[in-house]
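Please read the points alongside the model.

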Amino acid sequence: MTRSREIGRAGWGWTAFAGIIALIYFFPVMWIIMTAFKTRPDALAVPPKFFFTPTLDNFVGVFFRAVISGGGAAQATEFPLYFFNSIFIAGVSCLLALIIGTIAAYGFSRYPLKGNETYMFIILTTRMMPAIVVVIPIFLMFREIGLSGTYAGIIFLYTAFNLPFTIWMVRSFFDELNTEIEDAARMDGATERQLFFGICLPQVKAGLAATFVFGLILTWNEFLFALLLTGVDTRTVPVAMARTLGGEMGVDYGLLAAIVTLFLIPIFFVTFLLQNQLLRGVTFGTVRK
Amino acid sequence: MATIDIKDVTKVYPNGFKAVERINLSVGQGEVMCLLGPSGCGKTTTLRMVAGLEDITEGECQIGGRRVNDLLARERNVAMAFQFYALYPSLTVAENLKFPLHAEGRSHTEMDAKVRQVAKTLQLESVLGRKPAQLSEGEKQRVAVGRSIIRDPECFLFDEPLSRLDVTLREQMRGEIKEVLSGLSKATVIVTHDQLEALTMADRIAVMRAGIIEQVATPHDIFAKPANLFVAGFIGTPQMNLIPASFTGMDGGHGGFALPGGQKILVQVDPAVSRLAPGTEITLGIRPRNLEIMPEPVPDGLTLQVDIVEPMGAETLAHLSDGAQSMRVVCDWRVPIDEGDRLHVRFQPGYVHVFGPDEQAVRS
Amino acid sequence: MASSAVVAHEIRSEGGFLPWLLAPQRRGPLLVAPALIVLFLMNIFPLLWSFGLSFYNYSAKKRDVPDFVGLRFFERVVTDPVVWERFKTTAIIVSSSVLMQLVVGFLLALLFAKQFPLRRILLMLVLTPMMLSLVAVGVFFKLFYEPTFGLVSQAVAMFTGDRYALLGSPTGAIIGVVIADAWMWSPFVMLLVLAGLVSVPKYLYEAAEIDRTSPWRRFQTITFPYIKSLLLLAVLFRTIETFKLFDVVYILTEGGPGTATETIGVYVYRLAFQYFRTSQSAALAYIILFVVIVLTSLYLYAVNRRAQEVD
């Protein structure tokens, strides 16, 4: 125990301690990444190999099917399509949700309706309820009107899926603004449109970006809706991963690990960039500090 | 002996900021010392070094004659009241008061008796069962004081104890704290930026600026004999008039000065002024209450025009100027003064301070 | 009647529908309308539909005209011992997982409450699991628990000489699911507890130092009061979320062995999409929805209380 007077400060000793704990905690992720770089025998080795010669075969395997009888060009797998689907579907639906949600959040924050908080509560409930509750009727509904397996269907669904989160998050940012600035602008004769676009939006820009990226991750990770409502052409990566796992010819863990590793890259970036907004994000904007 | 001795203490923060530089201060038993200065002058840092909440970079701090540099706060047996009161939010007033006693290992009956006694002294009996959130600012402040005086420490430390109270409460609490402290006969350090607080509560005041102690003296001396320009300007409201002038020589017990407007005056000054060489650029200091308003021009007086009149209740503050210099004068509220008037003033003998080119008071 | 006539008059006098729509008093409704419409179409309407379904004998597989059966499915669901069994399984997994998250998250928070070099980077390592896809987490732990070359099996084999299929036994499967879920969500609890720890004013700890308080008392009187409301939030939030426990179970065990890890979520999925008892699953989904609404309102109540504490 050092005789440090400073409360809440620690030195490199603590860093070493926390580092060990953090690495242990992070180990499952690391193990997957390591597995992704292993050859098949290394991946299945008993005892497990912690040191090995890394190979990129698994990553190549994600995109190109090995051609068994020599000759002929390597055949592309469907994974590029799945990755594209994941990015496309998440990107478009989050953008839509951000636009609609920001407008609504502004309304809830600045022009409260009668029963404003009840609306907010209902909106939060639609996010809190298990997907399984709502997926049954949506599944039937989509089948009825032919939206199953289409981009339009899943994008529309994910827009709705992201809306409650977006509204709660963005409203929390609007609520934090100092309304005196708006009052001053009003006194100076700004129109309502100028207030929104010129005064409020620029102040919550960073918050909107955080909300958007958070929504991307939530959508990127989503499984159940995608499992039931995407088709062969619109399948996203999580569904494809689950199907690889349930493959008939035994699981190729190296390949699976490579898919997961590629899938994780955006998540690392986001976790690092959004560290300060993480609390707000994971609690849907309900807890700010 | 419950005393505090600070010897050549310097505090440098890890970022290189020098908060306190080679200060010396000793507080005797039963003495109340106020550290007074503008924000950022190092007064709170000094207090926290005494408390053991900050490391001392250089120098030595002794409490009761014992070197405490290497002791943690908990080992120094000091009591401290914090600026934000630092009341434990989950505990009642009674439990808050009792809290410091746990470490002293007393019996419960003894502790309860102590709590009752302190609550009585500070008139907290009716709120003993409440939580801090249910208290008024004044009550919180009294609990904070109570929690420090309930113990039997080597010394008491108060960090801006009254800064969060409104004016009326502040006046009342100033008196109460002074009364409580006088019964304790321990060394006490109070940090404040409010000179009225320092002047009323302290036995001695240490005026600090930018990490340095400018003057240590009794409240009376600080006011009557400021050691330098900074103390002269800092203590006293309205601020002392500081007039740049040039020393022309002594004439009997009086010093001759040339004012910026070219006018020459002869005023009674400290005999030490005679040691200055004629022609030295000095600063004359005179408090607004020591400028006397005369019915007609007098020799060695000044005639100035009234720019602004500020009624202050019992007195009136007038801002005067004559193009070359400006001055403030305070007079009884019954004296009729209007903006635009021309006033004749004279320096009351014995109240003129002279500060040399090094900004130090010229005094024997 | 009279008021509508007045409104109609106003419309005419102000010249058309658009100015009427954009009047200041309609600004709020207008701004939130698009969002509410989307939510109605994709959430409320489907729910109402499935509410209707639960009164009919309907199966997504058959194309017959469904019979009206009234509350029979609700009755069946409530009296069905299998449903209670699944609720019990869910409760066991939820409570052990939430408890584990609380303990681990709390300890992690104490670790990261201090400021030390490289804290941000280490914190990122610990926070990552929470951001991962549930499917990815399922894959991680599937690999860990794999009986022939999985690390758990091999570690056990080092001591007993035998390979070990953790997911092969009912208890083992529950433990496996709980560990995966707790690993993923402990960082969430950590984040909330950290927020509480950060909100403690530093001067309280200084006062405790001056008052010579023991570490345990300091925790009791200062730290705990500041984090207890956040702990409550964490428990409620995690409990609500764990009702969604589907993906990880689906990947790891598919509810097995037997039905040992078949949570209520997996059961509803099976009812709806494997047994095609659509109406019954809709009725059960409604019961879950009700539980979640109750928990959500409790959660918001706790959020508001905490917000008042902070202010």
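1. A crossing is termed left-handed if the near helix is turned anticlockwise from the far one by less than a right angle, and right-handed if clockwise. On that basis, α9(C) passes α11(C) in a right-handed crossing. Helices (H or I, at least four residues) are DSSP runs numbered from the N terminus.

2. The model is predicted: local features need pLDDT of at least 70 and side-chain atom pairs pLDDT 80 or more, while totals for chains, interfaces and linings use all residues. Residues are numbered from 1 along each chain as its sequence is written, with chains lettered from A and ligands numbered from 1 in the order written.

3. Helix α9 (residues 170-198) of chain C packs against α11(C) at about 150°, the axes being 8 Å apart; axes are lines fitted to C-alpha atoms over the stretch in contact, and angles run from 0 to 180 degrees between N-to-C directions. The two helices are therefore roughly antiparallel (angles over 145 degrees).

4. Contact requires C-beta atoms, placed from the backbone, within 7 Å. Among the residues of α9(C) that meet α11(C) are C:Trp185 and C:Phe188, and the α11(C) side includes C:Tyr226 and C:Leu230.

5. The axes of α5 (residues 81-112) and α11 (residues 215-242) of chain C come within 10 Å and cross at roughly 145°. This crossing of α5(C) and α11(C) is right-handed.

6. Between chains, the contact takes 81 residues from chain C and 83 from chain A. Helix α3 (residues 27-53) gives the most to the chain C side, with 15 residues.

Key. Two residues are in contact if their C-beta atoms, placed from the backbone, lie within 7 Å. Angles under 35 degrees count as roughly parallel, over 145 as roughly antiparallel, 65 to 115 as roughly perpendicular and the rest as oblique.
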